[in-house]
Structure formats: structure tokens, C-alpha cells
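Let's take a friendly walk through this structure. Have the sequence and the 3D view open side by side.

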Amino acid sequence: MFPTVREVLALDPVRHGAPRLVAGEAGLDRPVRWVHVAEVPDIATLLRGGELVLTTGIGLPGEDAGLRAFIGDLAGVGVSGLVVELGRRYHTGVPRVMAAAAERAGMPLVELRRATPFVRVTEAVHALIVDAQLTELRAAEEIHQRFTELSVEGADPGEVVRQAAELSGCPVVLENLSRQVLAYDPARENAELLLDRWEQHSRRIRPAGRTVYDPDSGWLVTMVGARGEDWGRLLLRWPGGGEWNSARDAVTGAISPPTRLTILVERAASTLALGRLIRRDAEGLERQIHRTLLTALLDRSRPVDEVALRARGLGLVLERRHLVGVVVRHRADEPDSGSTGTGDGDEPGPARLRDLAEAVGQAVREANLTGLTSAVDDQAVGALLALPDPAAEERALASFAAALRRTRPESRPSDPAATRAVGGGKGAEPGRGAGGLIIAAGSGVSSLREAGRSLIEARQVAEAARNDRRDLPIFRLPHVGLAGLLHLLRDEPRLQTFVERELGALLAYDARHPREHLLGTLRAYLEQGRNKSAAAAAAHLSRPAFYERLARIGRILDVDLDSVDACLSLHVALLALDAIRTS
């Protein structure tokens, strides 16, 4: 935001004085925060740093020691430079002792060989400073306007990151808490170099605070989250490096990015957080109410009594019923050929999702069931079935699956034992599931207060079963196991936080010492059931070397690897890390 000494020397009022650089060329790019005229030797006590001092030298000490002390004091408070007008105290040039002292301090020392009105210099420099401040304000205004528009438009993370890179001219990366890249823009740099070994590189960037610049790596980092829950980091690489430039603090001398870049990353992070909260839909009023009620049960945003009352207003009785949560979604790699949506693969577009929601609602009606049905996110449709008693659960689910199969017969499974996976039931045809669809059901509950748990379980099972090749008519929790459960929770910030808490220190150590790969040692130990001999053989290490590595792992993680509970926690964290990395 401030002009440099080099820029000041190029101004017409300064050039009129025939300036000549005597010493301190290395400091010509120091910012000039202010211009101060002084004719007393102890002026340093009145300065804050960043000033360009103008003097005729008439009040300076006559002895060499005093001149050295004068230059040392100015350099000590961080002045940008010293300009001496010749003719009053010094006629042919400044004393050599001054030049030598300034050169050692790296402080620019300039002679004006022609009489120069100092007021013209101060006016010109201060005008530059004011103009720079106005430019900074305009840049901040543009940033706020641009990201406000993105927030209103509901821009996706990729567009927000692209705009941040365009405004800054710097590479920008959005990552989750597990250091996986969610979106990036290399800003005309090499993307492969930018993202090479990203996780290890990112783990070395550990700034303290929500928005901090890490000078060692050159990344400006800010946390991304809302409502007290962070879910990622936004990083902007600023190429300021270790050079003096407009971003060096004029008082402390510390290198930091320009203020506008800090404003930019914080506004971009706010836009990303807000975008995650916004959900827009084009459903009819009744479907909107269904979705509102299902969402309320999932996130407990409304009292259960209010949900029951509003459902009763729709003709649905949810009290004193056996409730089962069901979620339907497309498989990961079997897109619906009849889709009119804009998504592909496992990301159905809005139109495709509405078609699926209508099919689920129709299947509920055809199976003579009652319940709430609606899209529960951008990928899946949920239903909360209200049954008269627990005994009707298996039969109702089989009937629903058969009705959905008749509504959406895009493909047929081939496993004749599929129906037996849910106990058979009237209306279920052996070997005929929902083809390209996954139907997942949660555990049945007897209270509306527990309905959210059943819905969440169904959504988790559906997510975990995306890559399951079995043609089961309905997936239940026992079908996916712990690895599947962790896979479906891989984007959950709390799971990522758990992984970081359990394994973060070891991952950071491996990032600094990639040849040791202690994470592999820990994995071998846990996968061999804590049998050290078998684990050493699996890791292709001698037992003494393996034992030494285990001891080091224990110190790094501050855990007892002979403890069953500690190892169980670490094993779950490893499974979660695998799920996160392979998502």
C-alpha cells in the first residue's frame, strides 16, 4: 500500500534535487510509510519505523562515533531511508563514515546535490500514500461486491476458488480437514507442481489462528466453516517470499501479504461456508413440507411435537407407529440412461433427483404405505415409513422395493438369493432388486424422537453401499460393516477431526521423514492383531528394528501400544483415513 524508496526517488520534486544513492542499495524496495523532516541527532526516539527522513545535516554530530550512532539509531527503529541535502553542512558529499554505517545497516542513504524544497517532497510522497490507500479501499470494495454476488447466486466451491484466484492472481486451494483438495485454481501456474504431494506439503503448514500467513511456505491460510464448526481450509500462495516489497510491515519489518489478500481469502471462505448452508429446491409446496419435516428429524431443528402436528396436517399419523427410515440413491457408476439431469455418474442433476423422488413417492403409494418422502440431499431421496407394528417391517420393505422396481425397471439384478437377504416377504420377487438403484433401510424405531436416527442410518448405509456389487433388494447396516460405515462418514468433519487427533502427529512426522513411513509400521502391527513378530515379518523388518519403530510411534502419538483400547482407537482411525483417502 506504500510507495518504496525507489519510487520516491523517481518523483519529480526529488529528481529536481539531483539525487545520488550513496549507500544501502539493497533497501531501495523498502516501503515509505511517511516522510519526516528532522535536524536533530536524537530524532530516532520520535519515529515509529517506515519513515523517510529528510535533513540538511546542520544538527548532526561532528565526530565519527556520533554519526555512526545516529545511523544505527535510525536503522534500529526501522526507517526506510535517509536523504541529506548538500550545501549547508556537507558541501561535496556526506561523510564516509555515514555511508559505511548505512551500507552495513542496509539502509538507503541519498544525497541531494541541489537545493530542494522539502515541502514539495512531502506533498508528493503523501499524495502517493493516499492514492495507494484509496486503491486498496477500491480493491476491498470490489472483493466484497464480487463475493456478495457469488453468495447470492449460490456459486459452487469451484467457482468461488476460481474467482479468488482471478482477483488475486495467485494459486488458491480449498482442502478439507484431512488435507484433501476439494477445489483449486493454479492461476496460470503448473497444476501438477502445485498439487504434487499435497497432503504432506499441507501438513507442514500449521499456522496458529484462523487467518495467518506462513512465511516459510508462502501460503496465506484461513479456516472455512460456519456455526462454530470448521470443515476445511482455504490457502492462497503469495509469492512475496523474503524480499522487501509493499507487503513488508513498515513498523516491524515482518513480511506479510497485502491487506487486500487477507480480506480476499476471508471473504472467499465466508462465501464457501455460506454456500454450504444454502440449499435451493424447486419442489411443490407439499413436497417442500415433506422435506422440511424430514430435515427437521435429521438435524433436530424443530421440536418433535411440531413435526408430528404438521405431519398430521398432511394426513400422516407418525405418533404411536413403528417408524423405518429408507434412503434411495443411484449407484456410483450406473447413471440412469433416461435422466434429464445435468449430472453424470454419481452426481444426478436436479431433474434426475426430482424424477427419483417422484418414483419413491409413487412406490410408497403403490405398496399401500404411508410416510414422508422427499430428497434429503443432492444425491438421495428419503422416506420415513409409518407402520402399524414391528412385525410388518420386513413385508413393508419388500413391498416397497418391488413397487419401486416396477416404477424404475432400468436394470435387473441376477442374484436369486437377494430377496432372502431381507427375509423374503410378500410382493418380493427372488433376484429382482432395484437394479441401478440402492435401497437402504435403517433400524426400525418406536418413537418419532428416534426417527432421525433411523433416517441417518439409512442414508449412511446407502452411501456406504455405492460401490457394493451385490444385488441386494435392500441394504441394512450389517451389510456394510465398519469399513463401510467409515466410508460413508468420510466427509464428516468430526470424523476427520478424530483422524487428525489420533494420527495427526504421526502423519506430520511422516511428512517430515518420508523414508521412515511409520504409518505403515503401525498398520502392520494393528492388522496382525498386535502380534509383533508377525507384524515385523509382514513389514519386512527385523524384530529389533520393528520394536524400535513401535517405541518411536508410541512416543510420537503419546499412547501405550500394548493397550487394547488405544490400539482399537488407532485402528478405527486408520480405517477412517483409508476411507477418506480413497473417496
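How many residues does the largest nonpolar core have, and which have the most contacts inside it? This is a predicted model, in which local features need pLDDT of at least 70 and side-chain atom pairs count only at pLDDT 80 or more, while totals for chains, interfaces and linings use all residues. Residues are numbered from 1 along each chain as its sequence is written, and side-chain values use heavy atoms, with hydrogens and water left out.

The core holds 33 residues, and L297, L318, L323, L384, L448 and F475 make the most contacts inside it. A nonpolar core here is a set of buried Ala, Val, Leu, Ile, Met, Phe, Trp, Tyr and Cys residues joined through side-chain atoms within 4.5 Å, where buried means under 20% relative accessible area (1.4 Å probe, protein chains only). Elements that give two or more residues to this core include α10 (285–299), β11 (322–330) and α14 (451–464); helices are DSSP runs of H or I with at least four residues, and strands are runs of E with at least two, numbered from the N terminus. Look at L318: leaving aside residues up to four places away in sequence, L318 touches A311, L323, L372, A386 and L448, with contact meaning heavy atoms within 4.5 Å.

Now find R476, in the loop between α14 and α15 (481–488). Is R476 buried or exposed? R476 is buried, because its relative accessible area is 14%. Among the residues R476 touches are E393, E394, L397 and V461.

Finally, turn to helix α5 (residues 118–153) and helix α6 (residues 157–168). Residues of α5 that meet α6 include I143, F147 and L150, and their partners in α6 include V160, A164 and L167.

Definitions and conventions. Buried means under 20% relative accessible area, exposed over 50%, partly exposed in between (1.4 Å probe, protein chains only). Axes are lines fitted to C-alpha atoms, for helices over the stretch in contact, and angles run from 0 to 180 degrees between N-to-C directions.
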